[in-house]
Structure formats: structure tokens, C-alpha cells
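Please examine the sequence and the three-dimensional structure shown below. The paragraphs that follow go through the backbone, a helix pair and the ligand site in turn.

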Amino acid sequence: MRKVELGVFMPVGSNGFLMSKRTPRYHPTFELHHQIAQVAEDIGLDYLFWMGKWMGFGGESGFWKNTIEPMSVASSLAPLTKRLKLFATVNPLLFHPAVAAKIITTIDNISGGRFGINVVTGNTLEELEQMGVVPEGYGDYRYEYADEWIRVMKMLWSQDRSTFDGRFFKLADCVSDPKPIRKPYPYLVSAGLSAEGLSFAAKHSDYQFVGLRPADVERTRAAAAAEGRSIKVVTSMLLLHGETDQAAEREFELIREDLDTEALDNLIASFERDNRDSYKDRTSYLRQPNTVGFGSGHPVIGAPDTMAEKLAQLIVETGIDGIQFTCVDFVKDLKLFGAVVLPKLKAILARHDIVVADAPAARVAA
Ligand SMILES: Cc1cc2nc3c(=O)[nH]c(=O)nc-3n(C[C@H](O)[C@H](O)[C@H](O)COP(=O)(O)O)c2cc1C
């Protein structure tokens with residue numbers, strides 16, 4: 001039986017992931033994240049995922065003007081949830097590994113082993129440069145830095161005393177107790193698109209985010225297999241419900257027509273400053289006519305039945321292990337998804353021997 005995990009890409013920044021003047025304008029708050037977590041747990045989803053973002057992209061909509069810090073909000077929701085896995089983004093440049101290891105172990109403890117981190121090396125460096133923390137040449141060795149960082153943490157999580165003499169970190173007989181509840185380590189997630197990013201995922205990650213091409217899914221699994229590991233390959237999707245297919249498609253068009261082009265231009269300029277090879281592909285993708293946001297994922301548009309059919313088809317055809325959803329209105333849309341789309345999706349996928357969101361209700365209620 002194939003198991004596909006479903007999660008929520010939490011709206012860490014203002015206005016979620018939609019860069020439109022039409023969609024709701026709001027700032028992220030603990031209260032909003034608590035509500036989303038409750039719905040996600042009630043409808044049987046598997047995880048919540050928080051990106052880490054330290055500056056927004058302006059525009060009339062104020063895209064990502066306010067952002068909340070992922071590890072602190074995940075920590076606050078750990079005792080308020082019972083079953084969801086909680087994944088928070090961490091950039092190694094911002095935390096010494098001995099400090100990060102301790103914070104992560106603490107949240108692992110609060111959550112009873114449900115916590116994990118998404119290790120990023122900087123999607124754009126502007127947000128880190130504003131803090132003055134980006135070392136000379138970092139763009140060329142960022143995954144080497146992250147690799148050392150995670151290796152140090154793995155030692156601290158598993159050994160009594162750790163001595164490490166690396167290019168970036170030096171530890172002498174360093175202790176870190178207690179150890180995490182989850183063995184061998186708290187969950188590790190990553191999302192790099194570059195060859196170095198893929199290699200990092202293959203060596204360390206339990207989950208890797210990719211786009212929706214089956215070839216990327218295969219390539220990621222093969223890279224992990226070459227390291228003697230298995231990895232779950234996951235992606236993001238935007239849920240856009242309507243009462244009818246036409247109504248949903250029309251709404252998508254209106255969101256697109258009202259795209260905040262100023263915010264989009266600022267985002268693309270931020271990518272171009274870093275001048276990485278991979279960014280040419282990524283900025284051209286952002287110029288595609290169906291762009292409605294950043295990080296919003298592949299749009300799944302339609303009435304609930306259509307949405308269930310489209311999701312099932314994507315799950316069957318791509319071989320993906322997980323999807324995290326973004327929404328226009330997270331609380332409302334996830335409730336509707338749980339009540340109307342999910343039962344139909346489960347029924348279709350059962351015919352393909354695939355299980356989704358199968359949390360036992362009794363455990364949710366316990
Ligand atoms: C779902 C998802 C979440 C991400 N979250 C972050 C984040 O919080 N912070 C960040 O700097 N980059 C984030 N990224 C970007 C990736 O970590 C990575 O930098 C990007 O895909 C480019 O690949 P590269 O780093 O290998 O060049 C995210 C990517 C995805 C797909």
C-alpha cells in the first residue's frame with residue numbers, strides 16, 4: 001500500500017503565498033497558525049511546514065511584509081497538537097550547530113518526537129546580507145557549510161562527547177544532552193534545486209521538495225538510493241475551490257489579472273542579484289502567465305469533485321510521496337477540503353492502493 005502524506009505550507013508571511021491585489025490581505029499571527037493547526041489535525045493531515053523568511057518583497061499588496069519565526073511558532077504549537085509532524089525552516093548561517101541542536105532537541109521533546117527542520121542555505125541572499133552574516137564566497141560553498149553543520153548536529157544528537165575539526169566548525173569534547181526522542185535524529189527536510197542541493201538531500205534528508213515532474217521525483221529517489229538511503233519526495237500545490245469548475249477558473253483568472261507586478265519584480269530582482277545558474281530557470285518560471293504567487297505551488301482549480309479527481313490523477317501519475325497545500329483562505333479552504341474533497345480523494349486513491357491522510361480519528365480526539 002502506497003502512503004501519501006498531506007500537509008500545510010503555513011502562511012509564515014503576510015498574504016500567504018499569493019501575490020495578488022485580489023486575495024485576502026493579512027499578517028501571520030500565532031492565533032491564525034493555531035487555527036490552521038487545529039483544522040489540519042481534525043481532518044487528519046500529516047504535517048505542518050513553516051518556511052523561514054526575513055524580509056518581504058513590498059508592492060501594493062505588501063507581500064511577506066510581516067513574517068513570524070518558524071521554530072518558535074512550531075514550538076508553541078507542539079503542546080497544542082497531538083499527531084501532526086511539525087517542520088520548521090532553519091538556515092545554518094543563523095545558528096551555531098550546538099545551539100541549533102539544543103533548540104531542536106527541546107522542540108523534539110515538547111512535541112514528543114514530531115519535530116523536524118527544513119535546512120536551507122538561502123533562496124535569496126538579500127535577506128541574510130541585510131544582517132551582515134553572509135561570509136565572502138558563501139554562494140559557492142553554502143551546501144558544504146550546511147553539510148558540516150548537520151554533521152556536527154548529528155554527532156551532538158547521538159554521541160556523549162563530540163570533537164570536530166572542520167572547515168567551518170571546531171568543537172572540542174562538546175556535550176549536548178538530553179538526546180532527541182526521535183531516532184536516529186529529528187526529521188530532516190530540504191528543498192534545494194541545484195546539484196549541490198540534491199546531493200545534500202540524498203545524504204541527509206528524510207523529505208525533499210521538488211516540482212511536479214516525474215523525472216525529478218525519480219532523480220531524487222535515485223540520488224538517495226546511491227547513498228544507501230530512501231527519501232520521501234514531496235511538492236506544493238495551491239487549492240482553489242469554487243462552487244463550479246467555471247467559478248473556480250474565473251476566480252483564478254481574476255487573481256492572476258490582479259497580480260501585484262511590483263512585488264513580483266522585486267522578487268525577481270532579488271533572485272537576479274545572487275546571479276546563480278539555477279535562477280535563470282526560476283525567474284522565467286515566475287514570468288509564466290499562470291503565476292499568482294511565490295511558493296504557492298501547482299494550482300489545483302475546480303469544484304470539489306473535480307479537485308479530488310485532479311489531485312488523484314497527479315498523485316497517481318507523478319509517484320509523489322507528499323503534498324503540502326497552500327490556500328486563498330487557509331482555515332476556510334482546509335475545512336472545506338476536509339469535509340468535501342478528502343473523502344472523494346480517499347475513495348479514488350483506494351482503487352489504486354494508495355492511502356492519504358489516514359490518521360485514526362480516535363487518536364486525534366484522544
Ligand atoms: C517548499 C519550499 C520551501 C522553501 N523554504 C525556504 C526557506 O524557508 N528559506 C529559504 O531560504 N529557502 C527556501 N526554499 C528554497 C530552497 O531551500 C532552495 O534554496 C531553492 O530551491 C534553490 O535551490 P538551491 O539552494 O539548491 O539553489 C524553499 C523551497 C521550497 C520548494
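**Backbone, helix packing and ligand site**

W64 sits in the loop between β2 (47-50) and α2 (70-77), where helices (H or I, at least four residues) and strands (E, at least two) are DSSP runs numbered from the N terminus. The phi angle of W64 is near 60 degrees, a positive value in a residue other than glycine. The model is a predicted one, in which local features need pLDDT of at least 70 and side-chain atom pairs count only at pLDDT 80 or more, while totals for chains, interfaces and linings use all residues. Residues are numbered from 1 along each chain as its sequence is written, and side-chain values use heavy atoms, with hydrogens and water left out.

Two cis peptide bonds deserve attention next. P178 lies in the loop between β6 (170-174) and β7 (187-190), and the bond that joins D177 to P178 is cis, with omega near 5 degrees. P184 is also found in the loop between β6 and β7; the bond from K183 to P184 is cis, with omega near -5 degrees.

Turning to helix packing, the axes of α1 (residues 30-42) and α12 (residues 330-350) come within 9 Å and cross at roughly 5 degrees. Such axes are lines fitted to C-alpha atoms, for helices over the stretch in contact, and angles run from 0 to 180 degrees between N-to-C directions. Therefore α1 is roughly parallel to α12, a term for angles under 35 degrees. The contact (heavy atoms within 4.5 Å) is made by L32, Q35, I36 and V39 of α1 together with F330, V331, L334 and K335 of α12. By class, this contact of α1 with α12 has 6 nonpolar, 1 polar and 1 charged residues.

The ligand has 22 residues around it, of which G52, R142, Y143, A191 and S194 come nearest; a residue counts as near if one of its heavy atoms lies within 4 Å. Helices α5 (138-158) and α10 (278-286) each supply at least two residues of this shell. By class, the shell has 8 nonpolar, 10 polar and 4 charged residues.

Which polar atoms of the protein lie by oxygen atoms of the ligand? A polar side-chain atom of S194 is 2.5 Å from a ligand oxygen, an N or O atom in the R142 side chain is 2.7 Å from one, and a polar backbone atom of L193 is 2.9 Å from one. Taken alone, the ligand exposes 620 Å², and the protein buries 91% of that, with accessible areas from the Shrake-Rupley method and a 1.4 Å probe.

How values were computed. A polar contact is a pair of N or O atoms within 3.5 Å; within protein, one must be able to donate a hydrogen and the other to accept it, and residues adjacent in sequence count only if both atoms are side-chain atoms. Ala, Val, Leu, Ile, Met, Phe, Trp, Tyr, Cys and Pro count as nonpolar, Asp, Glu, Lys and Arg as charged, and the others, Gly among them, as polar. Angles under 35 degrees count as roughly parallel, over 145 as roughly antiparallel, 65 to 115 as roughly perpendicular and the rest as oblique.
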